[in-house]
Amino acid sequence: MKEPAFGRFITAMLTPFDTSLELDLNRAQELAVRLVDAGNDALIINGTTGESPTVFYPQKISLFKAVIEAVGGRVPIIANVGDNCTADSIDFARNVEKLGVDGVMLVVPYYNKPPQEGMYQHFRSIANAVDLPVILYNIPGRCVVNMEANTTLRLAHDVENIIAVKEASGKLEQITAIVTGAPEGFVVYSGDDEMTFPLMNVGGYGVISTIGNVTPARMREVVYAIADGDHTKALACHLALLPLMRELFVTTNPILPKAAMRLLGFDCGGVRLPLVDATPAQRDHLAEVMRAVGVL
């Protein structure tokens, strides 16, 4: 656990659906291979970008198995198993561990609005129930509550297999405090493509990316230029992709990432309700931005 387990560039993989909005496991395997071939260090399966709220436990298991079959052993496979019920999350994490995944991700419990101590106990309980490396996921925009730096650092110091946090708070002061106070081997990932450049420049380690589905090689270039200390190249690459990073989040993720994949000719299907597919106007503007940044 002394060295970061999962590398710097990780894509939160889309979950492909067929025309009936059922899981398309063949396409999921093809997408996983595509992402690994393009330079991903690891993959997050069924996170926010993978529509975790509408992919229920048996379907998640099928998806994890399919991705492991396709690319297991080539890169680490990290399963998103966190829910807003601690007991359910423990049971599910234990079942997923048996599949052979390399790690799990746990999101701050949504809707419950737990206090900081509740977050601490939730994450500690789940992490102690498995022998896998754990990534915490702080995304106040979806979970309503923010996991504060002190809570993240308590977990990082107290629980050996909690090795990283995906920070999507947008709070650079908070992120800097985590980076500064973290124990050896604990790393901070950007949970927002647009924040990767500033986050890594205050000591963050890498990104868990959405745009990585659409243009993985170019997002990897951003990450590794920063890591290599090539500030001029990193800034140029970041600025070149920034319009698309922003465009993909004009409406709720992953509506536009899925639309982008269709435009690229690698259709991953639509989104499940209560999300809805991109409008014609949204698709047209997305195509303009993709052409402008050289992705389409």
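1. Where does Gly203 lie? Gly203 sits in the loop between helix 8 (196-201) and strand 8 (206-209); helices here are DSSP runs of H or I with at least four residues, strands are E runs of at least two, and both are numbered from the N terminus. Gly203 is partly exposed at a relative accessible area of 45%, on a scale where buried is under 20%, exposed is over 50% and partly exposed is in between (1.4 Å probe, protein chains only). From Gly203 to Ala259 there are 56 residues in sequence and 33 Å in space, C-alpha to C-alpha.

2. A word on the basis: this is a predicted model, where local features need pLDDT of at least 70 and side-chain atom pairs count only at pLDDT 80 or more, while totals for chains, interfaces and linings use all residues. Residues are numbered from 1 along each chain as its sequence is written, and side-chain values use heavy atoms, with hydrogens and water left out.

3. Now helices 1 and 2. Helix 1 (residues 25-37) packs on helix 2 (residues 57-71) at about 45°, with axes 9 Å apart; axes are lines fitted to C-alpha atoms over the stretch in contact, and angles run from 0 to 180 degrees between N-to-C directions. That makes helix 1 oblique to helix 2 (under 35 degrees is roughly parallel, over 145 roughly antiparallel, 65 to 115 roughly perpendicular, and the rest oblique). The crossing is right-handed, meaning the near helix is turned clockwise from the far one by less than a right angle.

4. On the helix 1 side, the residues that meet helix 2 include Ala28, Ala32 and Val36; their partners in helix 2 include Leu63, Ala66 and Ala70. Contact means heavy atoms within 4.5 Å. By class, the residues of this contact are 10 nonpolar, two polar and one charged.

5. After helix 2 comes Gly73, with a positive phi near 95°.

6. Helix 10 (residues 231-247) and helix 12 (residues 280-292) pack at about 165°, axes 9 Å apart, which makes helix 10 roughly antiparallel to helix 12. Pro243, Leu244 and Glu247 in helix 10 meet His285, Leu286, Val289 and Met290 in helix 12.

Conventions. Ala, Val, Leu, Ile, Met, Phe, Trp, Tyr, Cys and Pro count as nonpolar, Asp, Glu, Lys and Arg as charged, and the others, Gly among them, as polar.
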